[in-house]
Amino acid sequence: MEKYDKQTLDNHYQDLIPRNGFLFKFIKKDNDFIHTFVEGDFITNSITPTAMVIGKKLTDFLPMEQANRKRRFYEIAWHGETVNYEGEVGDIHYVASLNPLMVDGEVKEVIGTAIDITDKKRNENKIRELEKLAVVGELAAGIAHEIRNPLTSIIGFTQIIGESIDDATIHEYLVIMMRELDRINSIVNEFMFIAKPDETMKVSTIHINELIIHVIKFMEPQSNLKGIRIIFESQAEAITAICDHNLLKQVLINLIQNSIEATDENGEEIKITLERVSADQYAIHIRDKGTGMTSDRLQRLFEPFYTTKEKGTGLGLMICRRIIDLHQGTIELKSVLGAGTEAAIRLPIKIESCE
């Protein structure tokens, strides 16, 4: 097998290495494809070290499914055809081109180039999410408008009836009705937020530590019913940030509620941590040891109307992401089936558009 390094690689190959990408070469030996060279910023920055690739087969450093898919492309290139395809290494996406090197009509090796397209992929996913939100927003605006007026009347008349009736049985029914009407009203409010989120946002300077403590006290009655402790650890001094108090509170309540519902009544803990990750950013982590979820389910959690709850609307997590987006932050969920889930929120100390 040929050996290459930066000193011996000729100028021709150096020129082939794309910016923010990598160059690689392989041959076919004993019915397997062996990589003889890899070089470039992309591979240096990825989770796959060069030493794990050179001299190795595809199955030596890739999951079987990815290796088999890539092997099909390699096989086509080894038969003399140029192949273009998309691949991934961990969370990094790339587009690659395989170019066979022919000598006397026979392929001697294949030279591949790959370019990092992770940002492009993220932008495409963002556009798709925005398109979904636009459709849901139009639907939400129409539903909220049609429901809100008659709902207000029904709630008002129900309250009047409740104040004028002494029959205990009927009063009990009216209490149930009001509870269900309040639930409908909360769903309408969710629709209103989706339709016009910017109109509901009112930012001010908030003490984040105090906000988290307040939310924990609010959620403790629910957690205590299941024997679950909510623990708060701050890895930083008091953090003061610009945000919408009520919207951020809504996000925390939703995430803690999900953790409580996913955790068995076994005295487990839900751990919330607050840390300053830089001079202008802070992070909130919510970890539970609940049932966790599969990767397929995890990928769909932020989709509108996707829910596994019996009485869920499928809007809660989508609204959480929308709120965090409005605050120019990020939210990620990580989960292991049977081991628990972690929500990671990263937010700026100061929103750029707010002076």
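Which residues in α9 are buried? Keep that in mind as you click through this predicted model.

Start by selecting residues 245-262, which make up helix α9.

Now step back to Asp244, which caps the N-terminal end of α9. Show its side chain and look for the oxygen that sits 3.0 Å from the backbone nitrogen of Asn246.

Next, colour the buried residues of α9: Leu247, Leu248, Lys249, Val251, Leu252, Ile253, Leu255, Ile256, Gln257, Ser259 and Ile260. That's the opening question settled.

Time to bring in a partner. The crossing of α9 past α11 is left-handed. To see who touches whom, show Leu247, Leu248, Gln250, Val251, Asn254, Leu255 and Asn258 on the α9 side, then Gly316, Leu317, Ile319, Cys320, Ile323 and Ile324 on the α11 side. Sorted by class, this contact has nine nonpolar residues, four polar ones and no charged ones.

Last stop: zoom in on Gln250, in helix α9. Gln250 counts as partly exposed because its relative accessibility is 35%, between the 20% and 50% cut-offs. Setting aside neighbours within four places in sequence, Gln250 is in contact with Ile319 and Ile323. Finally, draw a distance from the C-alpha atom of Gln250 to that of Val215: they are 35 residues apart along the chain, with a separation of 9.0 Å.

Terms used: Residues numbered from 1 in each chain as written. Predicted model: local features only at pLDDT ≥ 70, side-chain atom pairs only at ≥ 80, totals over all residues. Heavy atoms only, no water. Axes fitted to C-alpha atoms, helices over the stretch in contact; angles between N-to-C directions. Helix = DSSP H or I, 4+ residues; strand = E, 2+ residues; numbered from the N terminus. Left-handed = near helix turned anticlockwise from the far one by under 90°. Contact = heavy atoms within 4.5 Å. Nonpolar A, V, L, I, M, F, W, Y, C, P; charged D, E, K, R; others polar. Buried < 20%, exposed > 50% of the residue type's maximum accessible area, 1.4 Å probe, protein only. Polar contact = N/O pair within 3.5 Å; in protein donor to acceptor, adjacent residues only side chain to side chain.
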